[in-house]
Amino acid sequence: MVLPHRLDDTIDLMAAAAAPDQEPAAAAARAVIADCDAKLATHRAALEAGADPTLVTQWIAETQTRRVRAAHVVEGIGRPDVPR
């Protein structure tokens with residue numbers, strides 16, 4: 001029996017039990033974000049050091065795409081079970 005004053009807690013517990021475990025995927029995605037941030041800093045340094053802007057721009061775009069996908073996993077928008 002669900003007591004009316006505990007209804008919200010009961011719903012939260014049921015939702016948590018039904019949701020797949022996203023913590024490992026979110027932790028992995030946070031690691032990808034950190035890696036992307038480090039790479040973006042490296043790409044910027046390469047650009048400032050005189051590297052080919054076209055090539056560095058391509059690297060930046062690829063890294064930013066990877067970062068956005070990882071951020072979506074952390075936010076629960078992405079599907080970490082689908083290969084990218």
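This is a predicted model: local features need pLDDT of at least 70, side-chain atom pairs count only at pLDDT 80 or more; totals for chains, interfaces and linings use all residues.

Reader: What share of the 84 residues is buried?

Author: Buried residues make up 14% of the 84 residues in the chain.

Reader: And how many helices and strands are there?

Author: There are 3 helices and 0 strands. Along the sequence, the pattern reads α-α-α.

Reader: Among contacts with a separation of 6 or more, what percentage is between residues 24 or more positions apart?

Author: Such pairs account for 62% of those contacts.

Reader: Changing topic, is Thr63 buried or exposed?

Author: Thr63 counts as buried because its relative accessibility is 7%, and the cut-off for buried is under 20%. Thr63 is placed in helix H3 (residues 53–74). Not counting residues up to four places away in sequence, Thr63 touches Cys36, Lys39, Leu40 and His43.

Reader: What joins the side chains of His43 and Thr63?

Author: A polar contact of 3.1 Å joins them. His43 lies in helix H2 and is buried, with a relative accessible area of 10%. With residues up to four places away left out, His43 touches Val56, Trp59 and Ile60 as well as Thr63.

Reader: Now the charged groups. How many salt bridges does the structure hold?

Author: It holds 5 salt bridges. One of them is between the side chains of Asp35 and Lys39, at 3.6 Å from N to O. Asp35 and Lys39 are separated by about one helical turn, because they are 4 residues apart in helix H2.

Reader: With which residue does Arg66 form a salt bridge?

Author: Arg66 pairs with Asp35, and the closest N and O atoms are 2.9 Å apart. This pair links distant parts of the chain, with Arg66 in helix H3 and Asp35 in helix H2, 31 residues apart. At 30% relative accessibility, Asp35 counts as partly exposed; Arg66, at 36%, is also partly exposed.

Reader: What about Arg67 and Asp37?

Author: Their side chains meet in a salt bridge of 2.6 Å, N to O. Arg67 lies in helix H3 and Asp37 in helix H2, so the pair ties together parts that are 30 residues apart in sequence. Arg67 counts as partly exposed at 28% relative accessibility, and Asp37 counts as partly exposed at 35%.

Reader: One last item. Where does Gly76 lie?

Author: Gly76 lies in the segment after H3. At 57% relative accessibility, Gly76 counts as exposed. The C-alpha atoms of Gly76 and Ala25 are separated by 9.7 Å, although these residues are 51 residues apart along the chain.

Terms used. Residues are numbered from 1 along each chain as its sequence is written. Side-chain values use heavy atoms; hydrogens and water are left out. Helices (H or I, at least four residues) and strands (E, at least two) are DSSP runs, numbered from the N terminus. Buried means under 20% relative accessible area, exposed over 50%, partly exposed in between (1.4 Å probe, protein chains only). Contact means heavy atoms within 4.5 Å. A polar contact is a pair of N or O atoms within 3.5 Å; within protein, one must be able to donate a hydrogen and the other to accept it, and residues adjacent in sequence count only if both atoms are side-chain atoms. A salt bridge is a side-chain nitrogen of Lys or Arg within 4 Å of a carboxyl oxygen of Asp or Glu.
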